[in-house]
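Visitor: I'd like to learn how to read the packing in a model like this one. Could you take me through it, term by term?

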Amino acid sequence: MKKRYIIYICLVLLIVFGSVLDVTKPVRPNIQLPGEILIPWGEGSPLAGFFGQGLTNTFVATVLTWLLLLLLVWRLRARSRTADEVPTGFYNFFEMIIEGVYGFVQNAAGKWAKTFFPFFMTFVLLILTANWMELIPGVDSIGKWEDLGHHHVEVAEAAAAAEGRELTEEEIHTIEEEAKLEGGKQSGIFLLRAGEGEEAGMQLVPYVRAAATDLNFTVALALVSVVMTQYFGFKALGAGYLKKFFNYNADKIAKNPLGLMDTLVGILELISEFSKILSFAFRLFGNIFAGQVLLFVIGALLPVANIGVFGLEFFVHVIQALVFAMLTLTFMSGATHGHAEEH
């Protein structure tokens with residue numbers, strides 16, 4: 001059978017099961033910014049101080065991402081080869097990519113290429129793997145049904161316990177009532193088909209959700225990028241690196257008041273270093289989260305149209321990984337050059 005006929009059959013099945021048969025129509029998903037909690041920690045658990053209120057599905061996705069990268073490293077590990085052996089297949093393809101990327105980094109960073117290349121390649125592979133996980137069938141769609149009221153009460157009780165108090169009956173009742181209203185709004189399509197039965201007021205909590213849709217993941221990457229940039233700046237220039245931010249010369253200002261501009265520029269440079277954290281984190285988070293919402297909405301309205309959205313998101317994810325890594329490389333390279341070298 002020709003490949004195009006297989007594609008046609010898949011399109012027809014997608015239309016039938018996604019848009020025609022009422023039983024298999026997609027449900028409007030629950031959309032929220034924080035990662036959903038799969039396993040809440042018990043009261044007084046030592047894990048609560050470091051891992052928050054519980055194990056989230058975005059953290060599961062992050063662990064899976066690192067496992068996939070470790071599997072890739074193991075698959076591409078160096079092997080002893082004889083003169084007659086020639087790399088083939090995926091190994092040869094990936095080796096070609098590594099050489100091309102290293103050449104790009106070398107042109108941008110010069111003698112610092114060997115130092116910056118591991119960061120550049122790790123950011124590309126990590127972000128790309130985490131983003132593409134969103135396109136795998138089952139991610140964001142396979143999970144467990146949870147009672148909204150019970151779930152919200154558990155979260156509120158954990159937060160109250162951290163403050164050293166317990167929820168009152170009135171507070172619990174209020175949380176449960178608000179959760180029922182929230183469930184009616186967020187799962188409207190499901191409630192219309194299920195009626196006011198046992199499933200009313202329920203939400204689907206996926207076991208795995210794309211890591212970059214959690215701000216914790218993107219902020220962590222941003223902190224690594226910005227902190228290591230400062231480290232390499234000090235490593236290359238020593239204490240002189242601080243002149244980039246604190247450039248005050250009283251004699252120069254006395255001769256020419258316009259010399260004060262250097263001091264003001266230094267303050268702006270210092271502010272910009274902190275703003276890079278927000279820029280890195282929210283750019284990646286916003287693009288991936290928006291793509292997730294787009295996939296949800298299009299999938300609920302017209303599932304067959306998600307084919308086009310999948311193609312779009314595939315390339316958007318590549319672009320976001322490259323942008324994050326290239327900006328990091330640019331900032332690291334700039335930090336190793338003295339301010340005077342720019343003139």
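Guide: Let's start with the elements: helices (H or I, at least four residues) and strands (E, at least two) are DSSP runs, numbered from the N terminus. Here the protein chain has twelve helices and four strands. This is a predicted model, where local features need pLDDT of at least 70, side-chain atom pairs count only at pLDDT 80 or more, and totals for chains, interfaces and linings use all residues. Residues are numbered from 1 along each chain as its sequence is written, and side-chain values use heavy atoms, with hydrogens and water left out.

Visitor: What share of the 343 residues counts as buried?

Guide: Buried means under 20% relative accessible area, exposed is over 50%, and partly exposed lies in between (1.4 Å probe, protein chains only). In the protein chain, 34% of the 343 residues count as buried.

Visitor: And how do I read the aromatic pairs?

Guide: Rings of Phe, Tyr and Trp (its six-membered ring) pair if their centres lie within 6.5 Å; planes under 30 degrees apart are stacked, over 60 edge-to-face, and the rest tilted. The structure holds 13 such pairs. Take W112 and F232: their ring centres are 6.3 Å apart and the planes sit at 65°, so this pair is edge-to-face. W112 is in the loop between helix 4 (89-109) and helix 5, while F232 is in helix 9 (residues 215-237), so the pair ties together parts 120 residues apart in sequence. W112 is buried at 14% relative accessible area, and F232 is buried at 3%.

Visitor: Now helix packing. At what angle do helix 5 and helix 12 cross?

Guide: Axes are lines fitted to C-alpha atoms, for helices over the stretch in contact, and angles run from 0 to 180 degrees between N-to-C directions. The axes of helix 5 (residues 113-132) and helix 12 (residues 306-335) come within 9 Å and cross at roughly 160°. Angles under 35 degrees count as roughly parallel, over 145 as roughly antiparallel, 65 to 115 as roughly perpendicular, and the rest as oblique. Helix 5 and helix 12 are therefore roughly antiparallel. For residue classes, Ala, Val, Leu, Ile, Met, Phe, Trp, Tyr, Cys and Pro count as nonpolar, Asp, Glu, Lys and Arg as charged, and the others, Gly among them, as polar. The contact of helix 5 with helix 12 has 17 nonpolar, five polar and no charged residues.

Visitor: How does helix 3 pack on helix 5?

Guide: Helix 3 (residues 57-75) and helix 5 pack at about 125°, with axes 9 Å apart, so helix 3 is oblique to helix 5. T65, W66, L68, L69 and L72 of helix 3 meet T122, L125, L126, T129 and A130 of helix 5.

Key: Contact means heavy atoms within 4.5 Å.
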